[in-house]
Amino acid sequence: MSYLGVDLGTSGIRLLLTDDDGNPLASTERPLTVARPHPGWAEQDPAAWVMALDGAIDELRAAHPAFGGLKAIAVAGHMHGATLLDEVGTPVRPCILWNDTRSHAEASQMDALPVMRAQSGNIVFPGFTAPKLEWVRRNEPEVFARTARVLLPAAFLGLYLSGAYFSDRSDASGTSWLDVQTRDWSPDLLAAGAMRPDQMPRLVDGCQPAATLRPELAARWGLAGDVVIAGGAGDNAAAACGIGALAEGQGFVSLGTSGVLLVARDGCHPRPETAIHTFCHAVPGRWYQMGVMLSATDSLNWLSRLCGHAPAALVAALGQSLRKPGRTRFYPYLAGERTPHNDAAIRGAFTGLEVATDTQDLTHAVLEGVAFGLRDSAEALRAAGAPLAPLYAIGGGAASDYWLRLLATILDVPLLRPQSAEFGAAFGAARLARIAATGLPPESVIVPPEACERIEPDARLRPSFEAGYQAFREAYGTLRALP
């Protein structure tokens, strides 16, 4: 038997096939593009997701006989996207993506309603789904009038696979329509956004069977018997399942284009005023919280373009010994910031520049500034009572030993480097598919990988970086006042 995890990302879709013991068998990817018809807009055609999925499955079928024993599929997807469908399930406009900021005014107005934070457990960010629908209602009334249902991207692929309207609770948590405490759609939140309960899909947990594969797809793909379609997950919840972050305090820090610090919780403890996200996990009775910064490795890539050197070369030039904080400081707000500021207008800066400042000083300042930004998320999580056990370090930036030692010291948390190459959202989705098909306890499947290395904080430099972090925090007000 085999199980398929699908990770629908903004820039591409990835499929991972695993065996009956959860071991990876094969994977494939297809690219996707983002349309940006106006500044601040980001859209995708849902038909492109279906085409990419079909092409990837055809490749797996042709190359890997184990696909013929497929028993379950789970889809993980980029969160918050507004996919508007008519009465027969056809999209009425392109999907408005998570990184689309056109609804910033609507988000601010909705966030001012006391019910929004009280029941959703989160700030209404411009990227969330509810303000997008309010923008459509105000600016595209004919489209809004034709909208019979709203699905998130992963749920749209679930509809294609099964013909059923359902959504996983972890993904639904990012809509601003879900009461994260009761784990159900909130009539009050829906009413605040001029939406109706009948426009929402049925809710399931990510590891539960939600539907079965459409017979015509099963026949086309050469599959016999029912194939379970699991609830699936939002991308970060799926990544948490892939890295084994299920119990209180288990989590990861991701040095990707954006930066994420995620911790699993045994209960629901929202702290929206800190701008951390409190979402349902992909398994029943569990939640997770995360802080998000918008420019992590993106900051290093930006410096790389300016200097004309590859990011790895810039970091390698720093050597092996961890430096103390220097006079030069970097504020990584190149695209605004989420946690803890919820500030779309703030922009980045270098300070402490002088004639003697060189490329190594700038590089160290960027790595340090990103680590300070993630420390902001760590402090917000601590304020919510989240224990920060040793965290797995993932993402492209985690390949840098120097950056991980710096980050461990600034967070004052040991970091673990996973030994396995498979621990991402597609792997987590495959685990959810396996649980849904077999009924295995989630705790027996969603387990952490072996760690090949443990990076401890540098106790000798902790006081220096603590002082540097406090100075970093104090500068926020000055930067916010700049035009």
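These are my notebook entries on a predicted model and what I looked up in it.

**Ground rules.** I number residues from 1 along each chain as its sequence is written. Because the model is predicted, local features need pLDDT of at least 70, side-chain atom pairs count only at pLDDT 80 or more, and totals for chains, interfaces and linings use all residues; side-chain values use heavy atoms, with hydrogens and water left out.

Entry: I began with strands β2 (residues 12-18) and β3 (residues 24-31). Strands here are DSSP runs of E, at least two residues, and helices are runs of H or I, at least four residues, numbered from the N terminus. β2 and β3 run antiparallel and are joined by 7 bridges. Two strands pair if DSSP finds at least two bridges between them. I found Leu16 opposite Ser27 in β3. The hairpin has 5 residues between its strands, and there Gly22 takes a positive phi near 85°.

**Entry: two helices.** Next I looked up α10 (residues 235-243) and α15 (residues 425-438), which pack at about 75° with axes 7 Å apart. That makes α10 roughly perpendicular to α15. The label covers angles of 65 to 115 degrees; under 35 is roughly parallel, over 145 roughly antiparallel, and the rest oblique. Axes are lines fitted to C-alpha atoms, for helices over the stretch in contact, and angles run from 0 to 180 degrees between N-to-C directions.

Which residues of α10 and α15 meet? From α10 I noted Asp235, Ala238, Ala239, Cys241 and Gly242; from α15, Ala425, Phe427, Gly428, Ala429, Arg431 and Leu432. Contact means heavy atoms within 4.5 Å. By class, this contact has 7 nonpolar, 2 polar and 2 charged residues. Ala, Val, Leu, Ile, Met, Phe, Trp, Tyr, Cys and Pro count as nonpolar, Asp, Glu, Lys and Arg as charged, and the others, Gly among them, as polar.

**Entry: cavities.** On a 1 Å grid over the protein atoms alone, a cavity is a set of points where a 1.4 Å probe fits but cannot get out; a pocket is an open set with protein on both sides within 12 Å along at least five of seven lines; lining residues have an atom within 4 Å of a point. Grid points are joined across faces, edges and corners, and a volume is the space filled by probe spheres set on the points.

The structure holds 2 cavities of 30 Å³ or more.

Trp177, Trp185 and Met200 are among the residues that line it.

**Entry: a pocket.** The second largest pocket has a volume of about 260 Å³. Of its 16 lining residues, Ala312, Val315, Gly397, Ala399 and Ser400 lie nearest its centre. α14 gives the largest share of the lining, 4 residues.

Entry: The peptide bond from Thr339 to Pro340 is cis, with omega near 0°. Pro340 is in the loop between β20 (329-331) and β21 (349-351). Ala275 has a positive phi, near 65°, in a residue other than glycine. I placed Ala275 in the loop between β17 (259-265) and β18 (277-280).
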